[in-house]
2 protein chains.
Amino acid sequence: MKLTTKGRYAVTAMLDLTLNDKAKPVSLADISARQDISLSYLEQLFSKLRKSNLVVSMRGPGGGYRLKGEAKDIVVADIIAAVDENIDVTRCAGRNACNSGKPCLSHDLWMDLSEQIRVFLADISLEDMKERAASVKHKCIDSDQVGQLIDGNLLNRKES
Amino acid sequence: MKLTTKGRYAVTAMLDLTLNDKAKPVSLADISARQDISLSYLEQLFSKLRKSNLVVSMRGPGGGYRLKGEAKDIVVADIIAAVDENIDVTRCAGRNACNSGKPCLSHDLWMDLSEQIRVFLADISLEDMKERAASVKHKCIDSDQVGQLIDGNLLNRKES
DNA sequence: CAATAACCTAGTATTTTAGTCAAGTATTAT
DNA sequence: ATAATACTTGACTAAAATACTAGGTTATTG
């Protein structure tokens, strides 16, 4: 399990899809505009998401993407795995470093840790994040709050 | 919190340090040989680990590195944070995409998720991994098994 | 002093990231 | 049917990160 900005783009886009899932499917152009991600990059990501059976596409005017199945059944781990396609170059797969036993050992431990993270992310669904979205909505800064924030928290933050 | 092979190298090296913490400090040359990581790359990583107060160094013959403090007090999250130094380019930090409220929303959610992962990794210490090491030790290859492996798996590996 | 090992700087090949561009194909409103 | 819309595919690319090399300097031990 790798955790990069690429995965973040994918999760963000999928979350956008979840939040805007109305009667019509959501076009990539819309997501591109809302999330400020380049359309072509989204196309690449959604190509992989579709091949991993996380979304379904609808062509033609009014077309776009829609979640395949329900938001509660799609988890963050699936989304990241779909776009990352890590070939898992475990350099310790029987070659040179596996003589003393220790390289193999730490390799095992890392794989174990990586698996724990995967399990952790496999427990967070888009539905969970959608619900969470409601509760953090007030966190967003609108122009009215900017003045207070400058006087308040933000300036005090950097001092630590 | 980013999760890349770079972080894995660092965790592996730190775990090597933990497992070989005897009377003498551990030289990077030793870690390089055991873990099959280039010496200069280790130097770069340990420079960061030292600056983050995770290890102490001793120069000269018989010198090397040693954990700063106890293995139970050094957690995986610290190690990854030390070598990753992500400048956190939150593109949504008040600039262009934060108008409709939604980009900010998904940004918050990702930060939240990222923080959850950090907390998760902040709970796994080198001591924990060391203890775990004992239980997975039997999985490793010792010199007695090499012959069988050469005749078996290894020769068949490269053909794909 | 000579060997050792940390420390530092700079460069570099490779891979990944995050796109662009172009030429398609499929769908549907009209 | 035809045009417009929207997804598909592939090739290509600039920039960054990764993993490593080379060549030194500095500190410490014997």
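In chain B, a hairpin of strand 1 and strand 2 has five residues between the strands, and B:G60 there takes a positive phi near 80 degrees. Helices (H or I, at least four residues) and strands (E, at least two) are DSSP runs numbered from the N terminus. This is a predicted model, in which local features need pLDDT of at least 70 and side-chain atom pairs count only at pLDDT 80 or more, while totals for chains, interfaces and linings use all residues. Residues are numbered from 1 along each chain as its sequence is written, chains are lettered from A and ligands numbered from 1 in the order in which they are written, and side-chain values use heavy atoms, with hydrogens and water left out.

**Hairpins**

- Strand 1 (residues 55-58) and strand 2 (residues 64-67) of chain B pair in the antiparallel sense over four bridges; two strands pair if DSSP finds at least two bridges between them.
- B:V55 has B:L67 of strand 2 of chain B as its bridge partner.
- In chain A, strand 1 (residues 55-58) and strand 2 (residues 64-67) run antiparallel and are joined by four bridges.
- The bridge partner of A:S57 in strand 2 of chain A is A:Y65.
- The chain A strands form a hairpin with five residues between them, and A:G60 in the turn has a positive phi of about 85 degrees.

**DNA strand C**

- There are 27 residues around DNA strand C, of which A:T5, A:S40, A:R59, B:S57 and B:Y65 come nearest; a residue is near a strand if one of its heavy atoms lies within 4 Å of it.
- Of the atoms of DNA strand C that come within 4 Å of the protein, 68% belong to sugar and phosphate.
- The surface near DNA strand C has seven nonpolar, 13 polar and seven charged residues. Ala, Val, Leu, Ile, Met, Phe, Trp, Tyr, Cys and Pro count as nonpolar, Asp, Glu, Lys and Arg as charged, and the others, Gly among them, as polar.
- For B:G60, a backbone N or O atom lies 3.2 Å from a sugar or linking oxygen of DNA strand C.
- Two or more residues of this surface come from each of helix 1 (5-19) and helix 3 (39-51) of chain A, and helix 3 (39-51), strand 1 and strand 2 of chain B.

**Core and buried residues**

- The largest nonpolar core has 75 residues, and A:M14, A:F46, A:L121, B:M14, B:F46 and B:L121 touch the most other members. Such a core is a set of buried Ala, Val, Leu, Ile, Met, Phe, Trp, Tyr and Cys residues joined through side-chain atoms within 4.5 Å.
- Not counting residues up to four places away in sequence, B:M14 touches B:L49, B:L54, B:V55, B:L67, B:I74, B:I79 and B:L126; contact means heavy atoms within 4.5 Å.
- Seven of the nine residues of helix 4 (residues 76-84) of chain B are buried, among them B:V76, B:I79 and B:D84. Buried means under 20% relative accessible area, exposed over 50%, and partly exposed in between (1.4 Å probe, protein chains only).
- A:L42 lies in helix 3 of chain A and is buried, with a relative accessible area of 0%.
- Beyond its neighbours within four places in sequence, A:L42 is in contact with A:A13, A:L28, A:I31, A:S32 and A:I37.
- A:W110 is in helix 5 (residues 102-121) of chain A and counts as buried because its relative accessibility is 8%.
- With residues up to four places away in sequence not counted, A:W110 touches B:T4, B:G7, B:R8, B:V11 and B:I80.

Methods. Polar contact = N/O pair within 3.5 Å; in protein donor to acceptor, adjacent residues only side chain to side chain.
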